Amino acid sequence: MVKVALLGPSGTYTHQAAEKYFDNLETEFCSTIRDVFESDADQKFVPIENSLGGGVTDTIDLLEERDEKITGEVILGIQHALISDEEEISDIEKVKSHPQALAQCKEIINEHGWETEETNSTADAVENLSEGEAALASEIAAELNEKNILKKSVQDRDVNVTRFLVLNGEPEAEDKTSLILKPGEDRPGLLHSMLSCFSGHEINLSHIQSRPTKEKLGEYFFYVEAETANGRLQKALQCLETYGEVQNLGSYRAAEMPE
């Protein structure tokens, strides 16, 4: 049995995705993504990207900050439900959930003019409901906490998936590689030159996101996911190192989209 640190409590989407990935799972539930990274558990499991809300910045920042290796990924379809102790939608005044879930359900929130409150996780929002409040979370979280489901599938788009990363496991394959790129100087065209290292070796990028270094205004690093490309990536990395620092976060099997 493998001990895995992940965002809790029981019933979060992270928990559901981890159960989908691991055959024999011992969970260590954490309150925040930072707590997951700081855990002493054998492996860690964190969200990295949502098809509606974009990249999970806390995860990207901590991947740059800490020494962890990405060894796998899984994609989970997300269906948010409106959950409450109340029995009617008209009784709701405030909606609470994880910031990513709130961002994925803006249309229904704006339609009703509800106040919003951010929580550490979707399941945490369900566990801590007060009068006149509703949570955005999974139907499983509602069932676990014996709450009412006022409306199902309230996300802005029918297609809503979240991708999660496995840290410090055993990689099954090396289809793709995650990198942190830190430009060595600030000059016109430098990012274009760095990206040309990939295109010049015919390497496809599936994800790229900039994040502030938090050391100087206007200074950024880049989180990149690239196909491993049968050895061509190594040549691209040698090219990239002439322009700045390259942090290799690991290679792993690319997950399949859920049906």
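Trainee: Where is P9 found?
Mentor: P9 sits in the loop between β1 (2-7) and α1 (13-21). Helices (H or I, at least four residues) and strands (E, at least two) are DSSP runs, numbered from the N terminus. This is a predicted model, where local features need pLDDT of at least 70, side-chain atom pairs count only at pLDDT 80 or more, and totals for chains, interfaces and linings use all residues. Residues are numbered from 1 along each chain as its sequence is written, and side-chain values use heavy atoms, with hydrogens and water left out.

Trainee: Is the peptide bond from G8 to P9 cis or trans?
Mentor: The bond from G8 to P9 is cis, with omega near 10 degrees. Most peptide bonds are trans.

Trainee: Next topic, phi. What is phi of S153?
Mentor: Near 50 degrees, a positive value in a residue other than glycine. S153 lies in the loop between β10 (148-151) and β11 (161-167).

Trainee: And what is phi of E202?
Mentor: Near 55 degrees, also positive and also in a residue other than glycine. E202 belongs to the loop between α8 (190-199) and β13 (205-212).

Trainee: Is E202 buried or exposed?
Mentor: E202 is exposed, with a relative accessible area of 64%. Buried means under 20% relative accessible area, exposed over 50%, partly exposed in between (1.4 Å probe, protein chains only). S153 is partly exposed, at 35%.

Trainee: How many helices and strands are in the chain?
Mentor: The chain has 9 helices and 15 strands.

Trainee: What share of the chain is buried?
Mentor: Buried residues are 50% of the 259 residues.
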